[in-house]
Amino acid sequence: MLPNRSRLSVLVFLLPPLLLYGAAVLFPILQSLFLSFFSWNGISDMEFVGLANYIRMFTADDVFWRSFFNALGYLTICLVLQLGGALVVASLLTSLRRGRELIKTLYLLPAVISTVAIAFLFVRIYSIDPVGLLNQLLDWIGLGSLERAWLSDVNTVLAAVSAPEGWRFTGLYMLIIYAALISVPKELEEAAVLDGASRWTLFTKIRFPHIRPVWITTTIMATTYGLRGFDIPYLMTNGGPGQSSELLTTYMYKTAFTSTDFGYASTNSVFIVIECLVAVGLILFMLKRKAES
Amino acid sequence: MITQTAPAAPAAPAPPATPTPAARRRRPDLFRILSRVLIALIVVVQVYPLAWLFLTSLRSEHDFATGDPFALPKALTLENYARAFETGDLGKNILNSFIVTTGANVLIVLLGMMAAYAIQVLGFRLSKLVRGLFLIGIIVPVQIALVPLFIDYSAVNLLDTYQSMIIPLAGFSLPMSVYLFSSFFEYIPRETYEAASLDGAGPYRIFGLITLPLSVNTVVTVVLVNSIFIWNDFIFANTFVLSEELKTIPLGLQNYIGAMGKVDWTATFAAVCVTITPLLLVFLVLNKAMIQGLESGATKG
């Protein structure tokens with residue numbers, strides 16, 4: 001605490017940031033909570049409906065549940081590609097002697113491309129007529145029977161819209177995990193190698209426990225980003241065909257801005273916020289507990 | 001959760017120099033080869049689509065529609081770029097993205113620094129609570145703010161303005177900025193402040209003469225990390241902006257989807273190439289700083 005500070009000076013520094021943050025983040029959260037108890041289309045009078053929106057969401061809305069499970073599938077694919085991919089590449093990278101910086105840069109490249117550009121790109125990669133990269137590749141390696149229009153097939157569309165998101169950010173998580181792996185004390189690893197530890201033991205007993213705090217952070221980051229996924233599914237398929245690639249976020253967006261049902265859309269938003277908080281709580285609970293045992 | 005990772009390791013640390021028993025010598029070699037092949041493969045997966053995007057933007061339309069997608073273009077043409085500039089107003093889009101990114105960054109840096117200064121240096125009773133409040137902004141998804149902000153903006157006539165994009169973009173990036181600045185301020189020794197205080201400097205002068213000049217590196221980090229997300233923002237622009245005049249790059253690109261969903265792909269890819277160039281150049285030139293920023297952004301957050 002600075003000796004000569006006045007109460008006023010604290011306010012001078014604190015108030016402007018809090019005003020912006022309050023207006024853009026905190027107040028809208030409260031507003032959503034408030035709106036979720038109303039029925040309102042933005043034009044006519046607001047009508048208080050109590051818990052009706054919540055009851056509708058949990059008991060009478062099949063699309064909501066469909067979107068919820070789709071969102072979990074989307075999250076799973078993103079987590080596997082981002083965290084799994086990141087961990088593997090980061091580990092491999094530490095065994096490399098040259099070219100690490102170059103690979104880090106190349107690997108991160110997709111992260112600077114906008115989602116609209118990525119959506120365009122992947123529409124072409126998945127395309128069947130004219131044949132896109134993926135189908136051509138399958139043809140070459142003798143899996144021609146798997147060729148299909150990936151974005152129109154209800155069985156593959158969810159995976160097809162999730163993969164670009166995983167692809168886009170895996171470099172980011174790789175960087176973070178790599179930085180953590182590099183900080184594992186060399187003496188520890190050398191001692192373990194001298195004791196005849198295999199690569200696998202080295203990884204599970206020394207490296208991973210050391211990077212656990214960073215792993216928790218990246219898992220939380222990837223999960224909250226995965227749960228807010230929106231752009232790529234919205235741009236590539238707009239939730240279709242049918243509802244096969246509808247996520248909670250795209251469903252909420254359509255409810256709000258296509259059906260202009262602001263009340264019900266806010267109920268969906270409140271659910272998304274709670275879902276994120278629960279997810280973060282679960283991650284902390286599971287990973288922290290494992291660390292103690 | 002707050003972890004400090006060591007600064008980047010030396011460029012090429014030698015592998016542990018342990019004498020390998022003859023019997024085990026062959027396995028590490030195999031491992032090394034395999035891991036190299038795997039790394040090469042993964043890098044190809046990350047980079048090839050982007051290279052393909054660029055090559056396609058130089059292909060003739062006919063060649064693209066009929067040829068093998070992996071084949072190299074039969075002839076290079078810049079026609080697509082000409083059509084791309086005809087169809088959309090790319091210059092305007094880039095300018096708009098630049099205005100929004102600059103505006104949001106100014107707010108994020110200035111306000112983030114101020115909040116961190118109040119929390120970390122000045123200190124006050126409820127500083128823990130304020131820190132916690134900022135954590136909310138990292139966890140909750142941005143979509144929560146869309147409906148409320150849309151309603152609020154239409155009440156105060158802010159829809160379809162630069163501010164309508166800048167406010168939420170800055171608001172949701174502020175927490176990360178506050179955390180980065182306050183973890184940096186922790187490293188400025190107390191004595192510096194105390195000495196300045198004894199010389200009669202008040203909190204404003206200390207902020208302007210000590211904290212601000214020392215923070216240049218952190219400012220660069222904060223700007224680089226946030227610019228990636230702000231430059232590419234789609235959702236706020238798509239929700240709050242309606243007029244052509246204000247469209248940022250992501251919205252401008254959508255203009256290339258013609259009537260009935262028919263897309264002039266080669267021209268679209270040319271437009272994509274034009275619009276990703278500014279950020280890509282910054283990234284390639286400053287990639288060391290950016291990579292360090294992203295690493296510290298996550299590990300300190």
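Which pattern does chain B follow when read along the sequence? Please describe chain B closely, together with the side of chain B that touches chain A.

Mentor: This is a predicted model, and within it chain B, read along the sequence, follows the pattern α-α-α-α-α-α-α-α-α-α-α-α-α-α. The secondary structure of chain B accordingly comes to 14 helices and zero strands. As for the packing of these elements, among contacts in chain B between residues at least 6 apart in sequence, 78% join residues at least 24 apart. Of the 301 residues of chain B, 42% count as buried.

Turning to the contact between the chains, chain B contributes 86 residues and chain A contributes 90 residues. On the side of chain B that touches chain A, helix α1, spanning residues 26-56 of chain B, gives the most, with twelve residues. By residue class, that side of chain B divides into 62 nonpolar, 20 polar and four charged residues.

The confidence values should be read alongside this description. Chain B has a mean pLDDT of 81, and 87% of its residues reach 70 or more. Over residues 1-25 of chain B, however, pLDDT stays under 50, and the model has 26 contacts beyond four places in sequence for that segment. For the complex, the predictor gives an ipTM of 0.86 and a pTM of 0.85.

Conventions:
Residues numbered from 1 in each chain as written. Chains lettered and ligands numbered in written order. Predicted model: local features only at pLDDT ≥ 70, side-chain atom pairs only at ≥ 80, totals over all residues. Contact = placed C-beta atoms within 7 Å. Helix = DSSP H or I, 4+ residues; strand = E, 2+ residues; numbered from the N terminus. Nonpolar A, V, L, I, M, F, W, Y, C, P; charged D, E, K, R; others polar. Buried ≥ 20, exposed ≤ 12 C-beta atoms within 10 Å, placed from the backbone. pLDDT = per-residue confidence, 0-100.
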